[in-house]
Amino acid sequence: MKGVAGRLLSVDLSTGAIRTEEIPERTLRLFLGGWGLAAKLAWDRIPKGADPLGPENVVAMAPGLLTGTGIPTASKTAFSFRSPLTGTIGRSMAGAWAGVALRRAGFDALVIQGRSAEPVVLVLEDGKARLDPARDLWGLDTRATRKALLARYGEGVRTAVIGPAGERLSWIATIECDGRQAGRGGGGAVLGSKNLKAIVVKGAGEVPMAHPERIKELIRHWNAVIREHPVTEADMKYGSGEFLDWMNRVSGTFPSRNWQWGYFKSAYARAQEGKIELDPYYWAPKYSKRNVACPFCTKPCGQLFVVEGGKYGPIEVDGPEYETLYSLGGAPEIAEIEAVAKANEICDLLGIDTISAGVTVAWAMEAVERGYLKPADLDGIDLRFGNAEAMLKVLERMGRREGKAGELLADGARAAAKRLGKGEEFAIHIKGMELPAYDIRGSKGVALAFAVAFRGGDHLTAGVYGTEYGGAWWKFEAVDRRSLRGKGFQVKIHEDLMALYDVLGICKFSRHIFFLEALPDMVAAQTGLELTAAELLTVGERVYNLARAFNVREGFSRKDDHLPHRVMAEPIPEGPSAGDRVPYEELQKLLDDYYEARGWSRDGVPLKARLVALDLPEVAEAVGAKGV
């Protein structure tokens, strides 16, 4: 297959062995690259029952098939591992220049196993790799680490680093990629458990392409489409939080106060002229200095938020994104944008996922409200809803696993509830992963997508929220977010297509521009393979089933496709979605519909016949169900 190097770099940190391996042609054709290749490597190389923080766990890093080609918004690199947060397969995507550099250095993937006796940096320069000591970097935050690496290895290198949270094995630790984060599932802790502080990549070669002139034509065409597209201006001016006000006031599905509310009730009650500070229409004109882009993005949605001096000191952070406006704003009931931005910066510097961190803090605030936690249990901090200063102090402790607060909260809400011995009924998670910014009580399809997502509570595995809340997308029309009808097929198709985007490395914020029909031309220009749209969608289905099979191998089944107690038992109390919830009985109907659409057993296990049809015979033999 053209358009790929056909090689991966394998690193064993226990022995120091580094070798180049050929990737089988069949693997490349079935999985193409990106998340497909990363998922395949996870299945093949992570043994059943592996301790997520043990040397047997493996981290695979694989740039998307189109990443580095110049196709606009094809920027993403996949990281796979067994997640310490959930125990499931972990998938974390980032708009990482290190992924582009990896391709330019002549590799389609990087695989890391084992554990170094001392902290190290993996250095890859134009096809040659080595391990350098990193004791002097241990303890540095992500920005200081990157600065030190640039000083040591030169301004042209690209990096993926961990912060103090990864070093201290926080289950919600991230991998920082030159200002972009592979955020969810605890990949930073897996690298920390291996004593790997950073990956440094320098590649001076060219990304291989089957038809480079055709790639150039496609770049010109799609840049013109993006330039004229109606959403581009809003994306660039206001970023991913552009629809925050709509989610609050029109839909009533912006979860706040640890999901006690379906909209940010207290903030809107005090709002001047209907605007709250968290709304980018308020803060972007005031605080955003410029756009921040992922590699090869021509509609950058990142906002460089800058405060030179103020109540919380200087702030410079890329964001806050929509999810962060919820997790560090709505969920803990913090309405002050500078406080949210400061919290965002703390999370980025320490290397913790903003969604999991904020939802965990909100859980602790409700535990305080109920009398389950006292200030003495939290290092004397009065952690109550709306207390921004207290939130910032607790985030510092979480990121460094310091004090009572850090020990309790560093590994997410589910772990905190188990350690406290109470509070699970208001811990907002699925499979251990804290939920993002969509009150799924008011959207049955999103609730189903969250329940079945292979990495835990997640909006990007299916990306169905846009269709549900907007009522239409691509082939889907007149979608009723409150109806149960047809949700299984709807979620299944969305999951397969989103998996394909992750295989190709295309940003999911482009899914309203790059529909499935646009992708065969791109793949043909890159690889020379003339694949139909249906064949490409099958690649996504194959990868999705492989991820599910990994979880089945680790003991996951229907019982784990759950929803938080609050979602099932407590209706949204007020607002446009008042009264909405997803009772247990409705969830079971949704699961039956989904498993049937997938070709899985009633227990949520892929049927052998389905896996064989997807060219996964060895997976079928290992975990496939024989019948319904």
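Q: In this predicted model, which residue has its backbone oxygen 2.6 Å from a polar atom of the side chain of threonine 360?
A: The side chain of threonine 360 has a polar atom that lies 2.6 Å from a backbone oxygen, and threonine 360 itself is placed in helix H14. The residue that supplies this backbone oxygen is serine 356.

Q: Is threonine 360 buried or exposed?
A: Leaving aside neighbours within four places in sequence, threonine 360 is in contact with Met398, Leu409, Gly412, Ala413 and Glu434. Its relative accessibility is 0%, and a residue counts as buried when that value is under 20%. Threonine 360 is therefore buried.

Q: Which residue has a side chain that makes a polar contact with the side chain of glutamate 366?
A: Glutamate 366 also has its place in helix H14, which covers residues 354-369, and with a relative accessible area of 2% it is buried. Not counting residues up to four places away in sequence, glutamate 366 touches Arg257, Asn258, Gln260, Phe385, Phe426 and Arg566. The polar contact between side chains, at 2.8 Å, is made with arginine 566.

Q: Where is arginine 401 found, and what is its relative accessibility?
A: Arginine 401 is a residue other than glycine with a positive phi, near 50 degrees. Its place is the loop between helix H15 (388-400) and helix H16 (403-409). Arginine 401 counts as buried, because the cut-off is under 20% and its relative accessibility is 19%.

Q: Which helices do the buried residues of H9 pack against?
A: Helix H9 spans residues 244-251, and its buried residues are Leu244, Asp245, Met247, Asn248 and Ser251. Just after H9, glycine 252 takes a positive phi of about 70 degrees. The buried residues of H9 pack against helix H10 (265-269), helix H11 (280-287), helix H12 (322-330) and helix H19 (465-470).

Q: Which two residues are joined by a cis peptide bond with omega of about -5 degrees?
A: Most peptide bonds are trans. The cis bond asked about involves proline 320, which lies in the loop between strand S15 (315-318) and H12. The two residues that this cis bond joins are glycine 319 and proline 320.

Q: Why does H12 count as roughly parallel to H14?
A: The axes of H12 and H14 come within 7 Å of each other and cross at roughly 20 degrees. Angles under 35 degrees count as roughly parallel, so H12 is described as roughly parallel to H14. H12 passes H14 in a left-handed crossing, and the value behind the description is the angle of roughly 20 degrees.

Q: How do the residues of the contact of H12 with H14 divide into nonpolar, polar and charged?
A: On the H12 side, the contact is made by Glu323, Thr324, Tyr326, Ser327 and Leu328, while H14 contributes Thr354, Ile355, Gly358 and Val359. These residues divide into four nonpolar, four polar and one charged.

Q: At roughly what angle do the axes of H20 and H24 cross?
A: Helix H20 covers residues 487-504 and helix H24 covers residues 584-598, and their axes come within 7 Å. H20 is oblique to H24, and their crossing is right-handed. The angle at which these axes cross is roughly 55 degrees.

Q: How many charged residues are in the contact of H20 with H24?
A: From H20, the residues Lys487, Gly488, Phe489, Val491, Lys492, Glu495 and Asp496 meet Leu590, Asp593, Tyr594, Ala597 and Arg598 in H24. The contact has five nonpolar residues and one polar residue, and its charged residues number six.

Q: What is the C-alpha to C-alpha distance between alanine 42 and isoleucine 89?
A: Alanine 42 lies in helix H2, residues 34-45, and counts as buried at 1% relative accessibility. Leaving aside neighbours within four places in sequence, alanine 42 is in contact with Ser80, Ile89, Phe550 and Arg553. Alanine 42 and isoleucine 89 are 47 residues apart in sequence, and their C-alpha to C-alpha distance is 7.7 Å.

Technical notes:
Residues are numbered from 1 along each chain as its sequence is written. This is a predicted model: local features need pLDDT of at least 70, side-chain atom pairs count only at pLDDT 80 or more; totals for chains, interfaces and linings use all residues. Side-chain values use heavy atoms; hydrogens and water are left out. Axes are lines fitted to C-alpha atoms, for helices over the stretch in contact, and angles run from 0 to 180 degrees between N-to-C directions. Helices (H or I, at least four residues) and strands (E, at least two) are DSSP runs, numbered from the N terminus. Angles under 35 degrees count as roughly parallel, over 145 as roughly antiparallel, 65 to 115 as roughly perpendicular and the rest as oblique. A crossing is left-handed if the near helix is turned anticlockwise from the far one by less than a right angle, and right-handed if clockwise. Contact means heavy atoms within 4.5 Å. Ala, Val, Leu, Ile, Met, Phe, Trp, Tyr, Cys and Pro count as nonpolar, Asp, Glu, Lys and Arg as charged, and the others, Gly among them, as polar. Buried means under 20% relative accessible area, exposed over 50%, partly exposed in between (1.4 Å probe, protein chains only). A polar contact is a pair of N or O atoms within 3.5 Å; within protein, one must be able to donate a hydrogen and the other to accept it, and residues adjacent in sequence count only if both atoms are side-chain atoms.
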